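Hello,

Here is the structure I promised to pass on. Have a look at it first, and then read my notes below.

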Amino acid sequence: MSRVFAGARPTGKLHIGNYLGAIQNFVALQQEHQCVYCIVDIHALTTLDETSMLQDNIRDMLLDWLAAGLDPQKSILFVQSHVPQVMELHTLLSMVTPLSWLLRVPSFKEKARMQPQNVNYGLVGYPVLMTSDIVLYKGELVPVGEDQIPHLELAREIVRRFNSIFGPVFPEPKPQLSEAPMVLGIDGQQKMSKSLNNHIEIAATPVETKKRAMMMVTDPQRIYRHQPGRPEVCNVYRMHQFFSPNDVQRVYHECTHATIGCVQDKEFLGEQINKYFAPFRQRRQEISTQPHYAADVLADGARRASVIAQETLREVKEKMGLLTRNTR
Ligand code: ADP
């Protein structure tokens, strides 16, 4: 049984990309592993100009997780800042991380380009904090989307370096990709992402969902209704593979024979997404009306996470020569 760790930034409600790329795996891994799932609020601070929505976003993320099937009896669900040992470990790991490794991370360059007014120190250290999140809980498997692979590779390098200097403490974390490691947005070109506003929220209303599905870009070469489409380049078709598994062959046939138009196809996809997420939406609604449930789950999660965190940090400090003899 490996320890699983994953974190997600509380930047709003989950979208289909998060769900297919990561959350589905979070849920599946619970059956056979000890899972630790963290809402990484400190990470969110690297890109926020102001924090008035932070607590609402944390609650939204937890509700999405619970409704998607994360079970607080099985998994540890908690907020990063509630277990502050991670910040101590971040400082310690920053001493074994060459700055050059951090400056070449593609997402750092990308964020620096997107927010030139706020290229803060935390942004450069993001992968070190992410490594600290994982290794504080000795995470071995990390369910993530494809975009996180470079960060995880860096985490493995930091772990290797730490272990080679101070002796083996941390396992090297491995990524666990889902069947949909890179879901495209409704533009059909870029990764689905909140910041690109090309996403479909899984907790959206049926009407909102359909509206977003109708905005999806299909085969750009199919201009007229009577032209056959090319499902292999169509993001709507790709989505059918997840949301309409029983109809996918029919859709393929109808699209390639031009007996269905893109508009009709997108209407159908919208309905299928709504059907797929109906039980999720129902559960989310029920959980959100229980007054203390979310706070209780997070308090219990922080308590359980702290036990592991304290133990690891003590081991790290001992290896690094930070403990006086009588506290060892
Ligand atoms: P962050 O990556 O900052 O924690 P995100 O909300 O972007 O926050 O991602 C949360 C998880 O969802 C990550 O594991 C990420 O790899 C995954 N993910 C995000 N967008 C997609 C996507 N379009 N396709 C597949 N996986 C995705």
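A salt bridge here is a side-chain nitrogen of Lys or Arg within 4 Å of a carboxyl oxygen of Asp or Glu. Please keep in mind that this is a predicted model.

With that cut-off in hand, let me start with Arg281, which sits in helix H12 (residues 262-288). Arg281 is buried but forms no salt bridge. How far away is the nearest side chain of opposite charge? That side chain belongs to Glu208, and the distance is 7.3 Å. Leaving aside residues up to four places away in sequence, Arg281 is in contact with Glu201, Ile202, Ala203, Ala204, Thr205, Pro206, Thr209 and Asn274.

Now to the cavities: there are two of 30 Å³ or more. By type, the residues lining the largest cavity are six nonpolar, two polar and four charged.

The second largest cavity has a volume of about 50 Å³. Around it you will find Val105, Ser107, Phe108, Lys111, Leu123, Tyr126, Pro127 and His151. At least two of the lining residues come from helix H6 (106-114), and at least two from helix H7 (121-136). In this lining, five residues are nonpolar, two are polar and one is charged.

Happy viewing, and best wishes

Technical notes
Residues numbered from 1 in each chain as written. Predicted model: local features only at pLDDT ≥ 70, side-chain atom pairs only at ≥ 80, totals over all residues. Heavy atoms only, no water. Helix = DSSP H or I, 4+ residues; strand = E, 2+ residues; numbered from the N terminus. Buried < 20%, exposed > 50% of the residue type's maximum accessible area, 1.4 Å probe, protein only. Lys, Arg positive; Asp, Glu negative; His and termini not counted. Contact = heavy atoms within 4.5 Å. 1 Å grid on protein atoms, 1.4 Å probe; cavity = no way out; pocket = protein on both sides within 12 Å on 5 of 7 lines; lining within 4 Å. Points joined across faces, edges and corners; volume = space filled by probe spheres on them. Nonpolar A, V, L, I, M, F, W, Y, C, P; charged D, E, K, R; others polar.
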